[in-house]
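Take a look at the model below.

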Amino acid sequence: MAAGSVAGLTLTASAASDVVGHVYVDDNTAGVNTIGAFDRHSDGGLTPMAGSPFAAGGAGSGTIIGSQGALQLSDDGRYLLAVDAGSNQISVLRVLPDGSLHSVGGGPVWSGGVEPISIAVRGSLVYVANEGDKATGTGSNYTGFRLNAGGHLVPLTGSTFDLSSTANPGDILFNSTGTNLIGVEVGTTDASTFRIDSFVVGVDGRLTPASGSPFAAQAAGPFGSEFSPTNPGHLYVSNAHGGAGNGSVSAFNVTPSGSLSSIGSSPYPDGQTAPCWVEISHDGNYLFTVNTGSTTISSYNLLADGSLSYSSTAAFKSGAGIRPFDARLDPNGTTLYVVDAAIAKVSAFAVAGGTLSELAQSPFALPTGTTPFGIAVN
């Protein structure tokens, strides 16, 4: 297996020369934000794409930010949407046939608040979660846009839903039908701030809060979340702030009207620390959660009634001192990619049912000076 250096990166050539897709990372670079891009090979290996990193247009913060969904592909795969946390903007880049990226004309648009950290996309409808300015207690909200055929984001009038200064949103997402939208409030150390916002999405794209929303989370620090890809009424939320060895994942039924109720004996513990990011297999049979504090990934069996059964935990080869963040499966569900904010690399795990094993050539380096926190795979 050959090794070399390109643009300051140490590269490991994949055993497979064929390119079957791509992996993108929001570099969150101070100054002009960039998107790191890799060619993805059939063995799961990654090699930096020619021209990477690509300028996003807005500014990154240059500091570590935790959230799920900072980078999203449009449903048709034509556009990549990225948060620019340092300039309070959202960038849209066109995905060219070879996987390279080109900024859409007109440049980034204002996110509608302060420090955007998560994006939800369903068809032409886009919502952004803005973290807000903690010094002033302003700018924390959910704001809507329309993505037009040319890849431009157009603000959706009357769509902004303001949040409290203690909300600290961690994720925003649609269910598979686009009829419900969830926002997760990580909160502070006060249990009353651990909340889940639930909305019904109208035909005009605007949000109506469900009766009873926001709903109390089941444990401290609700963070990452995912709807089942096979059941739009099943929602899963990681609980990150339970303390050492006390991590868990909550399972909820979500009705069409947006009300939440617990599934089975939820929350389901994994015995790890700080489960933050959630990914579900495409067949809806397995759930993976990245335990940032333990530097591990836990696997659960996802049962027919929506309940979870803990299965196993896999460690990262990189060991202690890393900070694994957002995770995404490839379209075939055979490789799980995890971006790390501390060492600026992407780790790759082979997936066999609910069993994970890190690839021999993993992890793969991002450009120096990046503080990444979002990942997308096509």
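On a 1 Å grid over the protein atoms alone, a pocket is an open set of points with protein on both sides within 12 Å along at least five of seven lines, the probe being 1.4 Å; lining residues have an atom within 4 Å of a point. The model is predicted: local features need pLDDT of at least 70, side-chain atom pairs count only at pLDDT 80 or more, and totals for chains, interfaces and linings use all residues. Residues are numbered from 1 along each chain as its sequence is written, and side-chain values use heavy atoms, without hydrogens or water.

Which residues lie nearest the centre of the largest pocket? They are Gln-72, Arg-122, Glu-226, Glu-279 and Arg-328, out of a lining of 32 residues. Seven elements need naming here: β7 (71–73), β12 (116–122), β17 (169–174), β22 (222–227), β27 (275–280), β31 (324–329) and β36 (374–377) each give two or more residues to that lining. Strands are DSSP runs of E with at least two residues, numbered from the N terminus. The space in the largest pocket comes to about 860 Å³. A volume here is the space filled by probe spheres set on the grid points, which are joined across faces, edges and corners. By class, the lining has 16 nonpolar, ten polar and six charged residues. Asp, Glu, Lys and Arg count as charged; Ala, Val, Leu, Ile, Met, Phe, Trp, Tyr, Cys and Pro as nonpolar; the others, Gly among them, as polar.

The second largest pocket has a volume of about 280 Å³. Its lining has 16 residues, with Ile-65, Gly-66, Val-186, Phe-223 and His-241 nearest the centre. β17 and β27 each give two or more residues to this lining. Eight of the lining residues are nonpolar, five polar and three charged.

Now the packing. A nonpolar core is a set of buried Ala, Val, Leu, Ile, Met, Phe, Trp, Tyr and Cys residues joined through side-chain atoms within 4.5 Å. Buried means under 20% relative accessible area, exposed over 50%, and partly exposed in between, with a 1.4 Å probe and protein chains only. The largest core has 67 residues, and Leu-81, Val-126, Leu-181, Ile-297 and Leu-336 have the most contacts inside it. Strand β13 (residues 125–130) gives the largest share, five residues. Apart from this core lies another of 14 residues, among them Ala-37, Leu-73, Leu-80 and Ala-82.

Strand β23 (residues 234–239) is largely enclosed by the rest of the structure, because six of its six residues are buried. His-234, Tyr-236 and Ser-238 cover one side, and Leu-235, Val-237 and Asn-239 the other. In a regular strand the side chains alternate between the two faces of the sheet. β23 runs antiparallel to β22, joined by four bridges; two strands pair if DSSP finds at least two bridges between them. A hairpin of six residues links β22 to β23. Phe-227 has Leu-235 as its bridge partner in β23. β23 also pairs with β24 (residues 248–254), antiparallel, over six bridges. There Tyr-236 stands opposite Ala-251.

Last, the backbone. Most residues other than glycine have a negative phi, and most peptide bonds are trans. The bond from Ser-52 to Pro-53 is cis, with omega near 5°. The bond from Ser-266 to Pro-267 is also cis, with omega near 5°. Asn-28 has a positive phi of about 55°, and counts as buried at 0% relative accessibility. Glu-115 has a positive phi near 55°, and is partly exposed at 25%.
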